[in-house]
Amino acid sequence: MRRTGTTRRGALTATGALALGAVLTGCGGGDEAADGGKPAHSGARAAAAKTERTLREKAVRDGALQLARYDLVAEAHPATAAGLAPLRAAVREHGKALAPPRAKGAPKADAPPAAPGPVSADPKAAVKELAADERRRADAYAGALLNAGPELARLLASVAAAAAAHAYLLTELAEETAA
């Protein structure tokens, strides 16, 4: 015959269920901050968003500076312009891809910085300088991967690989360029 009433097994099951319910309820409300009910992790998200925006803005400035260098070399040495044109176009596209999203009504970004210093009088040396600039840019993007979120890190890795390929192609172009 079955015993009615409270048994030890029933009491332990009920106590466990109540304890589990209390724990789950307590865990659900712990994310709320005292200021306005926003999640406590929103500060970390805001910091990550600011870091991403800073990385993107720096990458866009570096790309704009590299575009200005390509323009200076092409102007100073017109014989190199045809070889530089596809690489320059790729750098411009990288800048568009890396540009941080603008809020509606936000002003456009500042004008690109002026390229530093004069271009070498020797076309071969000027193209080699561009290759060195692309290597530095590839290294900078690779270094930025450590602070980037997953999506931006993938984009930076792609652009770093492209900059490294540009460095290689520019080195080859420099060898083919007549002095």
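**Exercise 1. Determine how H3 and H4 are packed against each other, and which residues meet.**

Solution. In this predicted model, the axes of H3 and H4, taken as lines fitted to C-alpha atoms over the stretch in contact, come within 14 Å and cross at roughly 25 degrees, where angles run from 0 to 180 degrees between N-to-C directions. Helices here are DSSP runs of H or I with at least four residues, strands are E runs of at least two, and both are numbered from the N terminus. The next step is to classify the angle: under 35 degrees counts as roughly parallel, over 145 as roughly antiparallel, 65 to 115 as roughly perpendicular and the rest as oblique. H3 and H4 are therefore roughly parallel to each other. Their crossing is left-handed, a term used if the near helix is turned anticlockwise from the far one by less than a right angle, with right-handed used if it is clockwise. Finally, contact, defined as heavy atoms within 4.5 Å, joins Leu84, Val91, His94 and Leu98 in H3 to Leu130, Glu134, Arg137 and Tyr141 in H4.

Two notes on the basis of these values apply throughout. Residues are numbered from 1 along each chain as its sequence is written, and side-chain values use heavy atoms, with hydrogens and water left out. Because this is a predicted model, local features need pLDDT of at least 70 and side-chain atom pairs count only at pLDDT 80 or more, while totals for chains, interfaces and linings use all residues.

**Exercise 2. Work out how H5 is oriented relative to H3 and to H4.**

Solution. Begin with H3 and H5, whose axes come within 11 Å and cross at roughly 165 degrees. That makes H3 roughly antiparallel to H5, and the crossing of these two helices is left-handed. Among the residues that meet are Leu84, Leu87 and Val91 in H3, and Leu156, Leu170 and Leu173 in H5.

The contact includes Val127, Leu130 and Tyr141 of H4, together with Ala163, Leu170 and Ala174 of H5.

**Exercise 3. Describe the largest nonpolar core and the surroundings of Leu84 and Val127.**

Solution. A nonpolar core is a set of buried Ala, Val, Leu, Ile, Met, Phe, Trp, Tyr and Cys residues joined through side-chain atoms within 4.5 Å. The largest one has 13 residues, and those with the most contacts inside it are Tyr70, Val73, Leu84, Val127, Leu130, Leu170 and Leu173. Helices H2 (42-76), H3 (81-98), H4 (123-144) and H5 (150-176) each supply at least two residues of this core, and the largest share, 4 residues, comes from H4. A second, separate core of 11 residues includes Ala59, Leu98, Ala148 and Ala160.

Leu84 lies in helix H3 and is buried, with a relative accessible area of 2%. Leaving aside neighbours within four places in sequence, Leu84 is in contact with Tyr70, Val73, Ala74, Leu130, Leu170 and Leu173. Leu84 and Leu130 are 46 residues apart in sequence and 9.8 Å apart in space, C-alpha to C-alpha. Val127, not counting residues up to four places away in sequence, touches Val73, Thr80, Leu170, Leu173 and Ala174.

**Exercise 4. Decide whether Gln66 and Glu52 are buried or partly exposed.**

Solution. Gln66 has its place in helix H2 and is buried, with a relative accessible area of 0%. Beyond four places in sequence, Gln66 is in contact with Val91, Leu130, Asp133, Glu134 and Arg137. Glu52 is likewise in helix H2, but is partly exposed, with a relative accessible area of 30%.

Note on methods:
Buried < 20%, exposed > 50% of the residue type's maximum accessible area, 1.4 Å probe, protein only.
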